Amino acid sequence: MKRFLILLPVIFLIFSCAREEKKAGADSAAACIDPVNPNGDSELAVLMRQMTAWTDSARLAIQRQNNIPAKPADFNRIITAEKTDKNIGEEPYGGMARHYLTQVENFDAATDENRVELFNSMVRACVGCHENFCGGPVKRINRLFIPEAERLR
């Protein structure tokens, strides 16, 4: 009986979260806390996930000697997107964001000879910023680098 009394609130919580999700659709994020991102998804966090997905696609295209996918136009929003941490001011974040965008443009204009080098410079810009702000993703970002051995192909 004691187990039932303990399990009943847990079952109720799970059921109500699932019900809220069906009822509210995408807005149900506030109803149930995401254990991976308990602070919710800021505009910048969502944008950075898109940036990571594009960077990963570009890395795979380089490694497979395929065409690089087109850079999404909304990357420029990195400067103005709402941040998870509202206390992060314009500087030095803005300067680092502009540096990243410059690295993306350099990579976008790369030739076959310097594509890997400019790709890794772009990834270094990500790491450099994340070493100052929100260090959690650094390990994931470091996996995007193209190793030296692959540069020589």
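Trainee: Among contacts in the chain between residues at least 6 apart in sequence, what percentage join residues at least 24 apart?

Mentor: The share is 59%, where a contact means heavy atoms within 4.5 Å. The model is predicted: local features need pLDDT of at least 70, side-chain atom pairs count only at pLDDT 80 or more, and totals for chains, interfaces and linings use all residues. Residues are numbered from 1 along each chain as its sequence is written, and side-chain values use heavy atoms, with hydrogens and water left out.

Trainee: How many helices and strands does the chain have?

Mentor: There are 6 helices and 0 strands. Both are DSSP runs numbered from the N terminus: helices are H or I with at least four residues, strands E with at least two.

Trainee: How do you know that the span of α3 agrees with its 16 residues?

Mentor: The expected span is 1.5 Å times one less than the number of residues. For α3 this gives 22 Å, and its end C-alpha atoms are 22 Å apart, so the two agree.

Trainee: Why is C129 called buried, and C134 exposed?

Mentor: Buried means under 20% relative accessible area, exposed over 50%, and partly exposed in between, with a 1.4 Å probe and protein chains only. C129 has 11%, so it is buried; C134 has 57%, so it is exposed.

Trainee: What makes a set of residues a nonpolar core?

Mentor: Such a core consists of buried Ala, Val, Leu, Ile, Met, Phe, Trp, Tyr and Cys residues joined through side-chain atoms within 4.5 Å. The largest here has 30 residues, and those with the most contacts inside it include F75 and Y100. Its largest share, 9 residues, comes from α4. Y100 is among the buried residues of α3, and these pack against α2 and α4.

Trainee: Why does Q65 count as exposed?

Mentor: Its relative accessibility is 66%, so Q65 counts as exposed. Q65 is found in the loop between α2 and α3, and has a positive phi of about 55 degrees although it is not a glycine.
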